[in-house]
Amino acid sequence: MTLSQEESPSPRRKRWLSLSVASLATLLVTADTGQLSIALPVIITEFNADLTLASWIALVYALITASLYLPCGRLSDLVGIGKVFSAGFVLYAASALAAGWSQSAGQLILFRALQAAGSALIMANNFALVTALFPPEERGRAMGISGGTVSALGYTLGPVLGGLLTYAFGWRSNLYLSALLAFVGLGVARYLLPPESFKGSAERKEPFDFPGTITFALSISLLLLALATAQKGTWRNSLVGIEFLGGIVVLVLFVWWEQRARFPLLDLTLFRIPAFTLGNTARWISFVTMSINVLLMPFFLQMGMRLDPLHAGFLVVPTPFAMALLAPITGWMSERFIPERLCSLGLIINAVAFCFLSFLSVETASFTVILWLSVLGFGMGLFQTPNNNLLMSSLPRARLGVGSSFLSIVRSLGNSVGAALAATIVSAQLVALTGRTSLQNLGGHLGTEDGALVLTAFMQGFHYTYLLAAVLCFVGAALSAIRVSGR
């Protein structure tokens with residue numbers, strides 16, 4: 001697309017209709033993960049497999065998407081956001097259908113990997129599409145809807161929808177529904193997206209950086225593998241060390257190559273833009289801390305408060321629900337007020353929520369949990385949309401695809417680091433008091449004689465981890481408070 005960021009590429013009514021493309025893409029991808037996670041026990045039973053299959057279905061999806069976000073973003077800068085978006089819908093739909101027809105665990109993992117590639121083509125360009133479609137005075141609200149409200153709605157509805165479909169029609173129906181929605185998304189994209197979105201923004205034809213793509217994909221995969229292995233509380237495992245060291249070495253090689261490449265995959269000069277660098281650092285911190293809560297809160301509710309999964313699920317809903325309600329409002333606010341102040345205030349609220357959540361105990365009333373999880377969602381809703389708007393509005397149009405994809409990479413790395421950090425701290429307490437357990441097999445000890453000791457160790461780790469999350473949020477708030485926009 002060749003228009004400047006301040007220009008509107010289409011009439012007002014048309015661009016708001018076009019927002020449905022980005023919103024549908026967000027809903028499709030965010031709900032899909034929850035749908036399939038609920039169906040995993042049924043899938044394992046049908047294929048006569050074990051938990052290894054479940055872990056690989058999740059891991060292969062995470063590795064493929066994180067590895068391809070950046071190349072997909074660069075590709076959209078070269079050939080056009082609309083083309084890459086459409087290709088993502090086609091690949092996602094076809095691979096979802098194939099996954100639904102899988103006759104073995106190996107086939108399911110393979111087609112799930114292809115589905116992840118389609119997801120990367122779609123989600124790498126979501127923020128870029130919104131930024132290209134909307135002028136600054138409307139961009140915040142648009143991002144609040146597609147990236148905030150719809151995203152939270154997808155994460156909330158995914159497990160519920162997956163449970164209903166699996167119960168009524170079997171686990172394969174989840175994949176068939178995803179394929180149907182992707183085909184609908186393709187049709188809507190071809191009909192509603194403006195012609196300019198199907199044109200590359202480069203003034204002259206530039207070659208694609210294949211060496212950069214290979215080294216980036218390898219480095220991010222090794223780092224995520226190391227973090228996934230470390231979530232079992234095995235940081236001292238030699239395999240974790242090899243994966244982590246290999247990832248760092250290849251990442252250094254990637255940076256070295258990008259500095260010398262004439263047409264790099266990632267334009268490193270983007271990090272000279274203060275809003276992009278500081279904003280992504282604060283964004284990474286926000287996802288690290290939220291991932292801590294996503295991992296540990298279900299353990300606390302089901303082990304500490306002895307709630308069944310259904311009641312525990314209802315208690316964690318306030319966080320995404322508050323985010324969904326607040327996102328459009330904060331999007332509007334980010335158009336009219338200094339976005340740095342909104343981002344900083346949001347992370348300060350998160351820090352306060354984490355402080356109070358760290359003191360939860362087995363005697364805590366459900367109302368208290370709901371209150372502070374709602375506050376946490378309120379803070380994240382106040383931070384996320386202004387942060388996204390600030391980041392994307394700071395970029396030149398020729399780098400919107402790469403910038404959008406980098407936001408997705410930061411989210412993936414933040415989630416992985418947060419989960420690994422939480423697992424490490426809790427596992428350290430468990431090993432110190434019990435000498436033999438980790439977060440992954442925590443529940444198996446509750447019915448034994450030393451169940452009380454296990455619970456005590458978990459609560460100690462829970463307390464330390466949430467206090468660390470509060471400290472990280474205060475750091476992120478300080479970074480977000482630095483004035484980097486022209487408002």
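Visitor: Could you start with Arg 112: is this residue buried or exposed, and what is its relative accessible area?

Guide: Gladly! Arg 112 is buried, with a relative accessible area of 4%; buried means under 20%, exposed over 50% and partly exposed in between, using a 1.4 Å probe and protein chains only. Before we go on, please note that this is a predicted model, where local features need pLDDT of at least 70, side-chain atom pairs need 80 or more, and totals for chains, interfaces and linings use all residues. Residues are numbered from 1 along each chain as its sequence is written, and side-chain values use heavy atoms, without hydrogens or water.

Arg 112 has a partner. Its side chain meets that of Asp 32 in a salt bridge, with N and O 2.7 Å apart; the term asks for a Lys or Arg side-chain nitrogen within 4 Å of an Asp or Glu carboxyl oxygen. The pair links distant parts of the chain, as Asp 32 belongs to helix α1 (residues 12–46), Arg 112 belongs to helix α4 (residues 105–123), and the two are 80 residues apart. Helices here are DSSP runs of H or I with at least four residues, strands are runs of E with at least two, and both are numbered from the N terminus. Asp 32 is buried as well, at a relative accessible area of 2%.

The structure holds 2 salt bridges, so let us visit Arg 172 and Glu 46 too. Their closest N and O atoms are 2.7 Å apart. Arg 172 sits in helix α7 (residues 172–192) and Glu 46 in helix α1, so this pair ties together parts 126 residues apart in sequence. Arg 172 counts as buried, at 17% relative accessibility, while Glu 46 is partly exposed at 43%. In general, side chains of opposite charge can pair when their charged atoms come close.

Stepping back, the protein chain has 16 helices and 0 strands. Of its 487 residues, 56% are buried. Contact means heavy atoms within 4.5 Å, and among contacts between residues at least 6 apart in sequence, 85% join residues at least 24 apart.

Helix α5 (residues 126–133) packs on helix α6 (residues 136–169) at about 150°, their axes 9 Å apart. Axes are lines fitted to C-alpha atoms, for helices over the stretch in contact, with angles from 0 to 180 degrees between N-to-C directions. That makes α5 roughly antiparallel to α6; angles over 145 degrees count as such, under 35 as roughly parallel, 65 to 115 as roughly perpendicular and the rest as oblique. In this contact, α5 supplies Phe 127, Val 130 and Thr 131, and α6 supplies Arg 139, Ala 142, Met 143 and Ser 146. α5 is mostly covered, with 8 of its 8 residues buried, including Asn 126, Leu 129 and Leu 133.

Further along, helix α13 (residues 339–357) and helix α14 (residues 366–393) cross at roughly 155°, their axes coming within 8 Å. These two helices are therefore roughly antiparallel to each other.

Our last stop is Ala 469 in helix α16 (residues 451–480). Ala 469 counts as buried, at 0% relative accessibility. Leaving out residues up to four places away in sequence, it touches Thr 289, Ile 292 and Phe 354. The C-alpha atoms of Ala 469 and Ala 353 are 9.8 Å apart, although 116 residues separate them along the chain.
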